[in-house]
Amino acid sequence: MIKDEKIERHTISVLVDNEAGVLARVIGLFSGRGYNIESLTVAEVDQGEHTSRITVVTTGTPMVIEQIKAQLDRLVPVHKVMDLTVEANAVEREMALVKVAGTGERRVEALRLSDAFRARVIDTTHSSFVFEVTGTPEKIDAFIGLMRPLGLVDVSRTGVVAIARGPEAM
Amino acid sequence: MAAQELTGAEIVIKALVDQGVDTIFGYPGGAVLPIYDALFQQNKIRHILVRHEQGAVHAAEGYARSTGKPGVVLVTSGPGATNAVTGLTDALMDSIPIVCLTGQVATHLIGSDAFQEADTVGITRHCTKHNWLVKSAPELARVMHEAFYVATHGRPGPVVIDIPKDVQFQKAEYTVSPHITHRTYRPKVKGDIEKIKEAVDLIANAKKPMFYTGGGVINSGTVASQLLREFVRLTGYPITSTLMGLGAYPASDKQWLGMLGMHGTYEANNAMHDCDVLINIGARFDDRVTGRLDAFSPGSKKIHVDIDASSINKNVHVDVGIIGDCAHVLEDMLRIWKSKARRPDKAALADWWKQIDLWRERKSLAYKTNDEVIKPQQAIQRLFEMTRGRETYITTEVGQHQMWAAQHFHFDEPNRWMTSGGLGTMGYGMPAAIGAQIAHPDALVVDIAGEASILMNMQELSTAVQFMLPIKIFILNNEYMGMVRQWQQLLHEGRYSHSYSDSLPDFVKLAEAYGATGIRAEKPSELDAALKKMIETPGPVMFDCRVDQLENCYPMIPSGAAHNEMILGDDTDGASVSEEGKMLV
Ligand SMILES: Cc1cc2nc3c(=O)[nH]c(=O)nc-3n(C[C@H](O)[C@H](O)[C@H](O)COP(=O)(O)OP(=O)(O)OC[C@H]3O[C@@H](n4cnc5c(N)ncnc54)[C@H](O)[C@@H]3O)c2cc1C
Ligand SMILES: Cc1ncc(C[n+]2csc(CCOP(=O)(O)OP(=O)(O)O)c2C)c(N)n1
Ligand SMILES: [Mg+2]
């Protein structure tokens with residue numbers, strides 16, 4: 001493979017039959033072929049049809065991205081693969097739970113900043129908060145960065161979910 | 001009327017029969033006893049008892065590749081399944097349709113480290129096209145038929161169905177028909193017609209065209225070979241093929257340039273390098289074929305026909321990628337070519353052939369014989385000449401002998417040549433010969449072997465004897481892992497680290513110990529009579545053909561080199577491998 005092409009970041013949606021081992025197949029494909037996974041989310045989206053939607057954010061040269069899509073598409077339980085980065089004008093969101101511990105001035109500052117990020121407080125003690133924050137991965141990165149000097153102790157992130165704008169289904 | 005209830009084991013057998021299966025290759029064990037019991041009580045399916053589960057899969061591959069039908073394997077849980085893994089990986093790499101049934105511990109024991117439990121679907125996920133763990137008998141018939149569908153449609157490959165022992169006993173109705181439409185897997189066989197038109201335009205306007213065909217034509221079936229022949233003859237263009245595609249186009253034809261790639265002919269590789277339009281039909285730009293990628297056919301427009309979208313633009317960027325089945329696409333190409341009354345550029349083509357003929361004159365496959373030692377190439381050439389006109393199937397092991405077989409045994413028909421190309425599995429040849437012989441009981445089936453490779457699945461000679469399969473094992477015995485030795489000579493200054501075949505058995509006595517016939521030839525003068533004896537002796541024969549120990553396989557494109565930088569047999573002084581090339585295999 002010619003390696004001097006630039007690296008791109010793509011968000012890919014994969015609609016799969018929700019059968020045993022399907023996630024292992026997708027993850028195994030990435031690890032076995034040496035592709036990158038920046039984030040991966042999965043959940044059943046149609047209980048009647050037993051389909052799940054996997055959203056994977058990956059990086060690679062254009063040729064590698066094309067390979068990743070073709071490789072995903074040929075997995076037997078895959079219904080559809082969509083590259084939201086090129087095929088659609090998509091919206092992307094991620095959610096994070098962010099725990100910040102501290103008292104006094106730092107605690108006040110954390111609460112003030114969370115407001116600017118429209119983060120919600122979902123748990124509180126005299127010495128800690130758990131914030132729920134939603135947005136693009138960059139926004140969450142920024143929020144976590146700001147919380148770090150204010151007593152950040154724990155982070156749990158969902159990874160990116162994404163969907164195309166407009167009326168069409170995937 | 002409600003369908004009759006069958007046990008899981010009976011469902012397995014019924015589904016196999018409904019799929020038209022006549023033969024399965026297997027080895028019993030605790031976790032498949034119910035299926036073996038059901039096999040015992042029927043007479044529609046023949047079971048070939050192998051001596052090692054790897055052998056079962058290779059035999060099924062030989063059966064599949066020589067017939068175009070899927071090969072079927074039955075093995076037990078745990079060690080039975082893990083022994084099958086090499087064969088499954090081999091079939092995956094070479095796109096061979098295999099349905100492998102594995103026994104599993106009872107469902108309630110899964111995950112408890114039960115006796116002979118292995119996570120078979122986990123282990124085989126990476127070496128199958130798809131696999132299933134069947135948790136209840138009512139799903140079994142559907143999964144069986146789905147498995148055959150997946151193995152044989154699109155790009156063929158191996159599949160595994162893991163069946164817990166309790167499911168084999170459980171009763172269920174058998175209702176499913178063998179013809180299914182799959183929920184998600186529906187590969188495209190018709191190519192995009194606009195792209196095909198674009199391809200035909202490129203082909204028609206070429207000045208220095210080249211057909212490069214591969215295993216996909218064989219996978220597609222005999223119709224694809226026929227259409228390929230028609231199209232290539234209509235154009236008058238030169239054609240080469242990969243190791244996996246040999247036989248799709250007749251080697252006796254004047255437009256045939258021989259195999260390309262690492263051990264391909266001078267004319268095929270040079271034509272690949274210099275052509276202006278490259279027409280890839282069912283080949284996958286493998287690294288044995290392309291050599292150094294940035295120097296691969298640098299000036300050509302490239303057309304690629306492949307049923308698997310992931311093969312297109314994987315290693316080499318192409319100008320026109322057509323996703324579809326070879327036969328379907330060739331049919332459309334021919335139709336469009338004819339309807340537009342296309343004519344190749346006669347003058348340009350004449351010049352191109354003049355150039356190709358100059359390369360041909362280099363006679364890159366030539367070798368020198370003498371009275372003292374048999375040359376391995378000579379042994380294969382004589383085998384070829386002495387079996388001409390017969391229905392002959394050739395399998396190989398892996399190594400120099402494999403490449404010499406590809407170079408010096410010429411195939412005019414598809415499905416006559418079975419070799420482990422992608423994985424390069426030593427030990428493939430004898431079980432594959434068994435599978436081919438089962439499918440073609442009256443044909444001559446020869447495993448062209450090396451003395452090292454043959455020892456890897458030697459136990460299968462017992463299978464051949466038991467089932468009275470008259471396979472011929474033609475060992476080119478150079479007392480070396482010759483291919484390894486050749487690389488050590490070229491890359492490691494002749495330090496032959498552990499590549500000498502020490503303490504070899506006496507192959508003649510070994511054959512006899514198995515109840516087969518053993519033959520030996522040591523001098524060129526003995527070769528023909530010994531070959532005649534091998535061909536004419538009924539039953540399995542093992543022929544220990546002593547050949548030149550230090551012969552190298554040429555031409556050779558060293559790793560990391562370009563097509564026009566190949567080493568030829570008579571100028572090996574110039575042979576050198578770049579530091580970068582040494583990193584490659
Ligand atoms: C020691 C050694 C040396 C070797 N040296 C060489 C060498 O010098 N030259 C050489 O050529 N090989 C050589 N090989 C073999 C090599 O490793 C590859 O196995 C081989 O080149 C691949 O052949 P192929 O491109 O035809 O692809 P295959 O592996 O046969 O793949 C077939 C392709 O066709 C596609 N396909 C399948 N079915 C269809 C269909 N119905 N319609 C359309 N497309 C379809 C598949 O998707 C795939 O892309 C060597 C192997 C060994 C072990
Ligand atoms: C299972 C396996 N192990 C190791 C190799 C590496 N290998 C490739 S060719 C070869 C030597 C084969 O020797 P032999 O069968 O005598 O054939 P020759 O090259 O001498 O004709 C080896 C060890 C392989 N291809 N397969
Ligand atoms: Mg040898």
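## A strand and its partners

Let's start in chain A, where A:Val14 stands opposite A:Ile54 in strand S3(A). S3(A) covers residues 51-60, and it pairs with strand S1(A) in the antiparallel sense over 10 bridges. Two strands pair if DSSP finds at least two bridges between them. S1(A) also pairs, again antiparallel, with strand S4(A) (residues 78-83) over 5 bridges, and there A:Val16 stands opposite A:Val78.

S1(A) is largely enclosed by the rest of the structure, because 7 of its 10 residues are buried. Buried means under 20% relative accessible area, exposed over 50%, and partly exposed in between, with a 1.4 Å probe and protein chains only.

## How to read the model

This is a predicted model, in which local features need pLDDT of at least 70, side-chain atom pairs count only at pLDDT 80 or more, and totals for chains, interfaces and linings use all residues. Residues are numbered from 1 along each chain as its sequence is written, chains are lettered from A and ligands numbered from 1 in the order in which they are written, and side-chain values use heavy atoms, leaving out hydrogens and water.

Helices (H or I, at least four residues) and strands (E, at least two) are DSSP runs, numbered from the N terminus.

## One face of helix H5

Helix H5(A) spans residues 137-147, and its buried residues are A:Pro137, A:Ile140, A:Phe143, A:Ile144 and A:Met147. Seen down the helix axis, they fall within an arc of 120° and so line one face of H5(A); the arc is that of the directions from the axis to the C-beta atoms. Among the elements covering them are strand S1 (8-17) and helix H4 (104-116) of chain A. Contact here means heavy atoms within 4.5 Å.
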